[in-house]
Amino acid sequence: MARKASLSGFPEWLPNERLVELHVLDSLRRSFELHGFSNIETRAVETVGQLLRKGEIDKEVYGLSRLQNDDGEATGADPNALALHFDLTVPFARYVVENAGHLAFPFRRYQIQKVWRGERPQDGRFREFTQADIDVVGDGALPFRYDVELALVIADALSALPIGDFTVRVNNRKLAEGFYLGLGIEDTAGVLRSIDKLEKIGPEKVAEALVNDIGTTADQARAALALASIRTTDTSFVEQVRALGVEHELLEEGLNELAEVIDVATSRAPGRVVADLSIARGLDYYTGTVYETVLVGHEKLGSICSGGRYESLASKGNRTFPGVGLSIGVSRLVSRMLADGGLKATRDVPSAVLVALNDDASWYPAQDVAAALRERGIAVEVAARAEKFGKQIRYADRRGIPYVWFISEEGTHEVKDIRSGEQVVADPQAWTPPIEDLQPGITTS
């Protein structure tokens, strides 16, 4: 794990750890692009009004202002004041509205950027962290099959990472809200927010909150918790919900949608996707399918990937842009991979070769060798000083560079694998290291 940061909640990886993070990012990019998602990047800053228009999370938003304010007044209440984005979904919604005339819908995007959130730092939670998002957005309507597809995309992307077993837990807010309405509860959003805290505070305290804060009856609270206790790896959850004896049109719609997701996932990603009716997602803009993903054996870490369907996050007059998306907490995921101590890069540097110097004059032909190797995609360093070869080899060893290149006074070339000691004649125009040495790899101990 990285050394303890001098500023809590703002992680800085050491070179070997950063290579692990880059491996994760590169793998996610490949997976997303294989599924046809285009990459975009949005600005780090949005207006306060834009960030807070869906859900009340003002305590977590970092405001942005000059050190010396013109009027000396607080800017937090000003909707035009600037703040750092706390996720990538809200900025993406603004991006879609502003660029709708230039996008082909349904628009499939992936986005990997830093975000900032003013919460208390703890295991897996940071104030500055990297997220990787995928979304599909439609113009006016978006077929439900994209909800099914995203569950499969994320299962595919995470399966390509050396993270061990994981579970994508899926629910549908229509199902939950319809159930609460069928019980006679009007504040469905309040119930969802309480259920969302189930894993953190437990069922007894959730029941108390439902009765004391939301105003449900004890029977209604028990029924809501009974719904949240249902979890299946197949579509048998449908009958379990109906056995609770609650009826509502919205409930049936949610049941059918969730059943479609689970039915397809059972055959396409067996064992990866489950129906979990305790999943609520606290943000108000989710309207249908919701997802959360946990690492098996590390459930207390929380969700490493979450998201859902939203019908009206993005709109422009009478024109709406419904979408469905998922966000991977890359920093949370990488921190866990590093904390376990089982994952590391095979070397700390990209360099595969160090070109040694016989004397100061040999620096120039050494540069010719380096250029020839780089033209063929081989990362190379040239020694800075003509020290004894043993010292130059020890330098390469400390850096983790596997090969040292020697140029004789007669102009012949040899390359040495300093791990095995094998040294062979080599042509800078043709020699290539084994594929596993070309770039740093990731290993598990």
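Start with the whole protein. Of the contacts (heavy atoms within 4.5 Å) between residues at least 6 apart in sequence, 70% join residues at least 24 apart. This is a predicted model, where local features need pLDDT of at least 70, side-chain atom pairs count only at pLDDT 80 or more, and totals for chains, interfaces and linings use all residues. Residues are numbered from 1 along each chain as its sequence is written, and side-chain values use heavy atoms, with hydrogens and water left out.

Switch to cartoon view. The protein has 14 helices and 19 strands. These are DSSP runs, numbered from the N terminus: helices are H or I with at least four residues, strands E with at least two. The C-alpha trace spans about 90 × 60 × 45 Å along its principal axes.

Next, select W405 and W431. Their rings form an edge-to-face aromatic pair, 5.6 Å centre to centre with 75° between the planes. Rings of Phe, Tyr and Trp (its six-membered ring) pair if their centres lie within 6.5 Å; planes under 30 degrees apart are stacked, over 60 edge-to-face, the rest tilted. W405 lies in strand β16 (residues 403-407) and W431 in the loop between β18 (423-425) and α14 (435-438), so the pair ties together parts 26 residues apart in sequence. Are W405 and W431 buried or exposed? Both are buried (under 20% relative accessible area, with exposed over 50% and partly exposed in between; 1.4 Å probe, protein chains only).

Now select F92, Y95 and F107. They form one aromatic cluster.

Last stop: R108 and F37. R108 lies over the face of F37, at 4.5 Å from the ring centre.

Note on methods:
Lys NZ or Arg CZ within 6 Å of the ring centre and 35° of its normal.
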